[in-house]
Amino acid sequence: MTKLQARNYFTNLRKKISEDEINEKSEKIFNQWLVSGLNYFQSFHIFLSIIEKKEINTSFFVQYLWLNNKNVYCSKTKKNQLEHFKLTSDTSLKISKWGIPEPYNENPINLNTIDCVFVPLLAYDTSGNRIGYGKGYYDKFLSSHPNATKIGLSFFNPVSKIEDLEVTDIPLDYIITPEFYSAFPIEEK
């Protein structure tokens, strides 16, 4: 499957999910993450959910991380790259023109190291290659943090293979869905 085919297919699948299903599946994904044992890291970078794109509700993760005194970071896009911010319960958020909750009236930080990154995606394959929205922001970010553990969160199962990968595409280390969590590669059934 090509990136374009996968984007179209999984965007259409997402459109069919109700708000109740999003919250139910998001909570199952969160619970799979707890069972996986991948919550031992100290610093986490997380994406904040775009409601219009029916993304996974990451607030379950954020609340848990705050309650467990973890360092939580998020980002916003500025001049074709990501700026990073410490995310606390006091962080002021504003919805961007792309529908992304982003910090405002906050100063960006230089994120030198990060233990774990929750990576947004539309689709992924059994080898851990992911498809995002096509701008490459996360691939650039992940390439500058090669030691960070990269976790994809998805409502759906993988495709067998993404055919048109580029050298700049950074693969995931783990995937978590409502039904399972796995390191890559995933054995096809």
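Predicted model: local features only at pLDDT ≥ 70, side-chain atom pairs only at ≥ 80, totals over all residues.

Biologist: How are Glu-24 and Lys-28 placed in helix H2?

Modeller: They sit four residues apart in helix H2 (residues 19-36), so about one helical turn separates them.

Biologist: And is Glu-24 buried, exposed or partly exposed?

Modeller: Glu-24 is partly exposed, at 46% relative accessible area. Lys-28 is partly exposed too, at 39%.

Biologist: OK, how many salt bridges does the structure hold?

Modeller: Five. One of them pairs Asp-169 with Lys-3, where the closest N and O atoms are 2.8 Å apart. That pair links distant parts of the chain, 166 residues apart: Lys-3 is in helix H1 (residues 3-15), and Asp-169 is in the loop between strands E9 (149-153) and E10 (174-176).

Biologist: Are Asp-169 and Lys-3 buried or exposed?

Modeller: Both are buried. Asp-139 and Arg-130 also form a salt bridge, at 3.7 Å between the closest N and O atoms, and both of those residues are buried as well.

Biologist: Switching topic: how many residues are in the largest nonpolar core?

Modeller: It has 49 residues, and Trp-33, Ile-46 and Phe-118 are among those with the most contacts inside it.

Biologist: What does Phe-118 touch?

Modeller: Leaving out residues up to four places away in sequence, its contacts include Trp-33, Phe-44, Phe-61, Leu-65, Tyr-138 and Leu-153.

Methods
Residues numbered from 1 in each chain as written. Heavy atoms only, no water. Core = buried A, V, L, I, M, F, W, Y, C linked by side-chain atoms within 4.5 Å. Buried < 20%, exposed > 50% of the residue type's maximum accessible area, 1.4 Å probe, protein only. Contact = heavy atoms within 4.5 Å. Salt bridge = Lys/Arg side-chain N within 4 Å of Asp/Glu carboxyl O. Helix = DSSP H or I, 4+ residues; strand = E, 2+ residues; numbered from the N terminus.
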